[in-house]
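Please keep the sequence and the model side by side while reading.

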Amino acid sequence: MSTLVIANWKMNGAVASVEAFAQAWAGVANPEKVSVVICPSFAHLSLVREAMPRWVQLGAQDCSERTSGAFTGDVSATMLSDLGCQWVIVGHSERRACHSETDSQVAQKAQRAQQAGLQVAVCVGEQLWQRETSEHHQVVAAQLAGSLEGVSPEGLAIAYEPIWAIGTGHAASTQQAEDMHGQIRHCLAGHYGEAAESIKVIYGGSVKPATARALFASETIDGALVGGASLEADSFAEIARAGTFGRK
Ligand code: PGA
């Protein structure tokens, strides 16, 4: 199993900055046993596809739970696949919070994505108060159960992103991530049986070049979803290279 390293650029970037990033990456070697995915905004998908080296996979940050029709502003999974995307992120905590996305909507998005032939990263993660009241295991288990309804284990990844670690500079400790990844694996095995073994469970939340190598060396951490540190070409290249130190 390769290490999965996904860049989530969120609502950042412009034509000039994407071109500069791609120029810096023209000399980056494809790291062995690492799958690198870049998820820019919808607006920059085609540009990233054209400008980045072919070994870098393309992903989107969201897709519609519907297939097509009168849904102004929405983008379907089929459109993403048509543009050359191989991946889509669904259920990011910022979508759940800012757009009130529910677990069942997230599951529908993942289903549409899989029907369109995309691989899917389903995000889950607790808020700080939920961890402080020891509800974090229960919260993540419930998110998983709801968000994976009708979703196939094939081409599926789960991103554990504790909300308190996103963009704060306070990453979860390896121990905290391992503990939750263990429970996620347990839930996945209950849901999918043996087929769960192929599902990658990756960590997101203030992943930095300095911490990536230790993270990837962990037995239960199959990769990372990287926000802030993926915006800068050198720092994301360093994180991608750290993937070769993943144990698998
Ligand atoms: P961060 O974001 O790396 O900036 O914490 C991660 C994410 O939201 O996917």
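This is a predicted model: local features need pLDDT of at least 70, side-chain atom pairs count only at pLDDT 80 or more; totals for chains, interfaces and linings use all residues.

Buried means a relative accessible area under 20%, exposed means over 50%, and partly exposed covers the range in between.

**Arg185 and Asp222**
- The side chains of Arg185 and Asp222 meet in a salt bridge, with 2.9 Å from N to O.
- Arg185 belongs to helix α8 (residues 174–192), while Asp222 sits in the loop between α9 (209–216) and β8 (223–226), so this pair ties together parts that are 37 residues apart in sequence.
- Asp222 counts as buried because its relative accessibility is 3%, whereas Arg185, at 25%, counts as partly exposed.

**Arg95, Glu101 and their network**
- Salt bridges that share partners join Asp62, Glu65, Arg95, Glu101 and Lys109 into one network.
- Within that set, the side chains of Glu101 and Arg95 form a salt bridge at 2.9 Å, taken from N to O.
- Glu101 has a relative accessibility of 7% and therefore counts as buried, while Arg95, with a relative accessible area of 23%, is partly exposed.

**Arg131 and Glu126**
- Arg131 and Glu126 are also joined by a salt bridge, in which the closest N and O atoms lie 2.8 Å apart.
- Both Arg131 and Glu126 are buried.

Definitions and conventions: Residues are numbered from 1 along each chain as its sequence is written. Side-chain values use heavy atoms; hydrogens and water are left out. A salt bridge is a side-chain nitrogen of Lys or Arg within 4 Å of a carboxyl oxygen of Asp or Glu. Buried means under 20% relative accessible area, exposed over 50%, partly exposed in between (1.4 Å probe, protein chains only). Helices (H or I, at least four residues) and strands (E, at least two) are DSSP runs, numbered from the N terminus.
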